[in-house]
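Reader: Can you walk me through this chain? Keep it brisk.
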Amino acid sequence: MNCELLATCSALGYLEGDIYHKEADCLESVKDLIRYLRHEDDTRDVRQQLGEGHILEHDLLPIITQHGQDKTLFDACIRLMVNLTQPALLCFGKVPDDPVFRHHFLQVTSHLQAYKEAFSSEKVFGILSETLYNLLQLEWEQREEEDNLLIERILLLVRNVLHVPADTLEEKKVDDDASVHDRLLWAIHMSGFDDLVKFLASAQSEQQWSMHVLEIISLMFRDQTPDTLVSAGHARSAEEKQRDTSELEGLRQREQAEKRSRTLQRGTRHSRFGGSFVVKGLKAIGDKDVIYHRNVHNFKNYTHDMGKAVRRVPRRNRQARECMDKRRSALNVRLFLREFCVDFLENCYNRLMYLVKESLIREQTQQHDETYYLWALSFFMAFNRGNSFRADLVSETMSSRTFHFIERNVTNYYEMMLTDRKEATSWSRRMHLALKAYQELLLTVNEMDRSQDGSIRHSADVIKSNIFYLMEYREIFLTLLRKYDETRQPQSYLKDLVESTHLFLRMLERFCKGRKNLIVQKKRVRRKKAKGDENQPVVERSPEALAETWRIVEEELKGIQFQLPESLTEHIVPFDATSETPLEEQRTEAMVRVQDALLARVGPEALALLRAAREVWPEKDIFGSADVEPEEELELLKQLLHAELPRPSPPETQVEEDDYDAIMEEEEELEAVRVSETEFKFLDFIKKFANPSIVRPYLLLLKSYSKNTPHTNHCVARMLHRVAVDLKMDALLYQLSVFHLFNKILSDAAASAYKELVTFAKFVLKRFFSLAATNNKAYVELLFWKNVGAVREMTEGYSKDGAGKKPAWTEEEEQELRTLYEEHRHSEVPDIVETLLPLLSNSTRTRRQVVTQLVHMGLAENATELKKPKKGTGIVLWTEEQEHELQMLYEEYKDSDDVLGNILKKLTYRRSRARVVDKLLSMGLVSERRELHKRRSRGARPKSSGTEMTEEDFLAGLTQDFPDDDPNREEEEDESQESETDDEMEMEETQNGDRRNQNIVSKGERKADVGAMVTELHQAGMSEALAWLQRSLNRTAKDRIADGFSQPVALVPLTEATEEAMENKSFQRLLRKLGMRGPANEQELFWRIPAKISASQLQATAESLSPNNEASQSEQVLAEVGGPTEEPLEEKEEVSNEQRDEALRALLHARKRKQHTAAPNMKSATTEDTDSSFERRKEKTAKRNRVMDDGDEDDGSTTVMDLDANGHADSDKEDIAAPVKRRRKMVLIDEEDDD
């Protein structure tokens, strides 16, 4: 031992007889030992030295038993003992592979076993129990932090001591003898510590110790089984006696058979004259027959492997080892544990399991703590089932939630067993524990089903209906059997799995028999496969047929008075939120679905689809407005019926071919799991077990039939009987290894003890030999495992070669295909197979057949080269030629209204809009994405070659610069469609004229007058709202003049009239016309006055809302601007340069005067600044025309001036002062100030 460590241990004290004398610095020495342990190395040298010095047995335990009144010393000793007794696995992390570290690991484990034996004293646990009892007597308010820490340390100390594994080589105890663990449990019982554990489990104020309590309980019952505890203290039942008698009878028969065989093998001659025999027909290594040098009675056991060295099996292929066997404790210990289980179930189980489950769900526990929960569930429910079953004692864990929790853990454990291969054994044990819990749940439900209480039977029916309905619970055993791996999972796991499957099938079969039909959930993963459209009905679209269809649909809808049943409207879903399809395409698909329903003459379904689509896409009133009348819905349906809607191209017809499926496997992509309901048939469910991967685990378990329990052998035989007899799939068992196993069972000396297995083996062999009489290939089939198809061929006859396949290609067809392929292989067609199909003389050939033949003939390396191109392209890389082509197209169309649309139409290699936009940005051709947006048809006139700005350009710039660039413009698209249509028609009529005149004419056709809108709102009874809006504008203007800066101001309605007005579409249209901004997103509730509108503009806008000024003002503006005119366009262009210059100067003068009047303290703009502002306005006009897309258009322009822009046409007839008279109108224009 280290010198410092030895000195520290010596300073603790000494033991004289039974009395321990502590030293003066005993407390400091204990703290020093804690410090030494904190700084020990990887070999745990300090821990080993303290164990070799027996510090815990000779010093620490005497200190706490004789000097427990010293609270500080007691706490320090408990801390030190908790550290010394922690498991070796926690010290080293895992069982070391290195021999040196493994030796240290075993040394630490041996010291822990010595500690455990030292703790098996009633005196030690008496002190711990008394201390814990005194701490628990304190109320929650009186407890200090140190008290809670001491409680936790005592529980951890007991947990650590109970966790120490038993030393089987040293103990060598038999059943009913007291082991070290039994003596420890007895000390716990005699000290009353078990009662404190039950109190902690049941007390509401002590729920924080729930996980510690559950760990201690699980370790107390580590070596026990529920059956042994239930039967403790009771005489054996008749069933147990019968079972023991049958086992003894089987052993006696086997012993007698072996004795008889030994008697027959004993020869009459001396052993030295056993003789030599030649085995006829059995060849040796050479060409001669085998010579046998042993007694002839042993020849039946002869094999060629005799005398050979046993081949070593690699570790990764060895069968998984079983866990430690259970042992039966002493009777007094079992009786005490039995009473503990009874009290725990009655008072603690439901509450403790609830608390632990909540902690697990909330992830408040440590890793793998759910294993304690799974163990407690299986153990105590099994005990309750054997000890006068009461369902109320385990009600907490009898629910569908528990089934789901266990099923999720089973799945997680299996996935971790595959990924974490180094810890696969640990994950396998956890998976076995979860399976045991699942099995116990099924056994308890089965017990509830046989109860005399009707309410308990009803609860069992509810649970069974839930677990039988869901696919995950039904097929969990199928999955576990299919994934069984004997190298990772022991045979005990397979035994529990087979017995659980047998129980589940028996419960499911009984459940189905009591019902005529059972509806269950079904999940299916479908693959994307093209289906032929030759079976799709062709709907006639002639005018007569459509008229007849509409007549029938109209009569049907009027007959039901447009009322739809709930059953129809519930399952109509026109929109899939999880789909990757864009909203616009889904909206088009919804229209197509409505049209299909109309063509199928299903009027109610079409109406239900229309109403559902209206709720999803209310904007633009595409599917009708929210308050649409039935007659309007009828008219809308009629329009959809006669409309020519874009439909997706029909999929390619495809034929199943094995070769093509193997080649094109990568084309099949998994879709989302589809959930549906279907009628359950038990026989169809059993068919899923007719699979070699599921039958093999049963046969693997059957190999150990002599060691299995009779119930296990019955479960195996029952499943094989279901497959061979119920499904008539006995040929699935025609395999050589199975027949070898049957032969072993039939030749067993104790075969009479396995009557069920013997009967089944004889049945299968009889069926095989009867089949072999007609099928000469049956013996060859014994060498292979067979699937369902092979079984059918073996029993019903083999199909002829080439049967069921398409006729082969003739030489002429191959030559034709080769010629066509050579002609078109260098052409730039996107899909050469689509080009070849119509050119082939045999029109019945499909795409699959052509692709397969091209690959077979060597014209193509694989089917991937001939893959059908997808819609939209996945091309990412751009070649130099493609980049040059893109640049040329951009230079050609950069001044057009739809730059991106024209480029996409002309591109040689098709690419998506996003790819083209990204490439244009990366090449530096555009700086922003909005430069590629589609421009409005009423955009500004292109820049002229000269440097002068005309009056029309200036006025158009002011008009376009109105600040209502509202992000919610999409809401008004429906209101502007009619105006946009008029614009397009006007442009088509004047497409050869000047672009400036097109803009003027289109603006003149728009509705427009703020005064007219105000008058209309006054007539509609919104005078109060208009007055409130006018006051708000004036107040905001005054605030901006006083503060000297601007910020957005919300328009908050405070009365019912103003609230109704803010929801009115006409009032909102007026707000947009005045430049107010609507809510930008869902976070905003109110309209706002933008910060960029100046105070003078707000005052002028407020003045325009007065009812007295509107009519005269509008008339004045119309008269002065010129109003709508019908003069030819040629006359509109006759404007002299002098008049334009005079008009501009007069307009500037008027604007300066207006600004001085509104804000005298503001600086007047100079002529140069104003001229520069003209240029900026001109640039903003062009930029706005680029940014605005045709989908974002409004009702006319966003200014009052746009409504009467035709006044420019009469500019040549106006006097020079005309722009001055427009001053009132110019103030209302939404423009940015030049300050």
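Author: Here is a short tour, from the whole chain down to single residues.

Reader: What kind of model is it, and how are residues numbered?
Author: It is a predicted model, where local features need pLDDT of at least 70, side-chain atom pairs count only at pLDDT 80 or more, and totals for chains, interfaces and linings use all residues. Residues are numbered from 1 along each chain as its sequence is written, and side-chain values use heavy atoms, with hydrogens and water left out.

Reader: How many helices and strands?
Author: The chain has 57 helices and 8 strands. These are DSSP runs numbered from the N terminus: helices are H or I with at least four residues, strands are E with at least two.

Reader: How much of the chain is buried?
Author: 45% of its 1235 residues. Buried means under 20% relative accessible area (exposed is over 50%, partly exposed in between; 1.4 Å probe, protein chains only).

Reader: And what share of contacts comes from residues 24 or more positions apart?
Author: They make up 76% of the contacts with a separation of 6 or more. Contact means heavy atoms within 4.5 Å.

Reader: On to helix 17. What should it span, and what does it span?
Author: Helix 17 covers residues 349-361. Its 13 residues should span 18 Å at 1.5 Å a residue, and its end C-alpha atoms are 18 Å apart, so the two agree. The expected span is 1.5 Å times one less than the number of residues.

Reader: Which of its residues are buried?
Author: Tyr349, Leu352, Met353, Leu355, Val356, Lys357, Glu358, Ser359 and Leu360. The helices they pack against include helix 12 (193-202), helix 16 (331-347) and helix 18 (370-386). Just after helix 17, Glu363 has a positive phi of about 55°.

Reader: How does helix 17 cross helix 18?
Author: Their axes come within 10 Å and cross at roughly 155°. Helix 17 is therefore roughly antiparallel to helix 18. Axes are lines fitted to C-alpha atoms, for helices over the stretch in contact, and angles run from 0 to 180 degrees between N-to-C directions. Under 35 degrees is roughly parallel, over 145 roughly antiparallel, 65 to 115 roughly perpendicular, and the rest oblique.

Reader: Left-handed or right-handed?
Author: Helix 17 passes helix 18 in a left-handed crossing. That is, the near helix is turned anticlockwise from the far one by less than a right angle; clockwise would be right-handed.

Reader: Which residues meet there?
Author: Tyr349, Met353, Val356, Lys357 and Leu360 of helix 17 meet Glu370, Tyr373, Ala376, Leu377, Phe380 and Met381 of helix 18. By class, this contact has 9 nonpolar, no polar and 2 charged residues. Ala, Val, Leu, Ile, Met, Phe, Trp, Tyr, Cys and Pro count as nonpolar, Asp, Glu, Lys and Arg as charged, and the others, Gly among them, as polar.

Reader: Now helix 7 and helix 11. At what angle do they pack?
Author: About 40°, with their axes 8 Å apart. That makes helix 7 oblique to helix 11. Lys116, Glu117 and Phe119 of helix 7 touch Val180, His181, Arg183 and Leu184 of helix 11. The contact divides into 3 nonpolar, 1 polar and 3 charged residues.

Reader: Last one, Thr1036. Buried or exposed?
Author: Thr1036 counts as buried because its relative accessibility is 6%. Thr1036 sits in helix 48 (residues 1023-1043). Not counting residues up to four places away in sequence, Thr1036 touches Val1049, Ile1089 and Leu1098.
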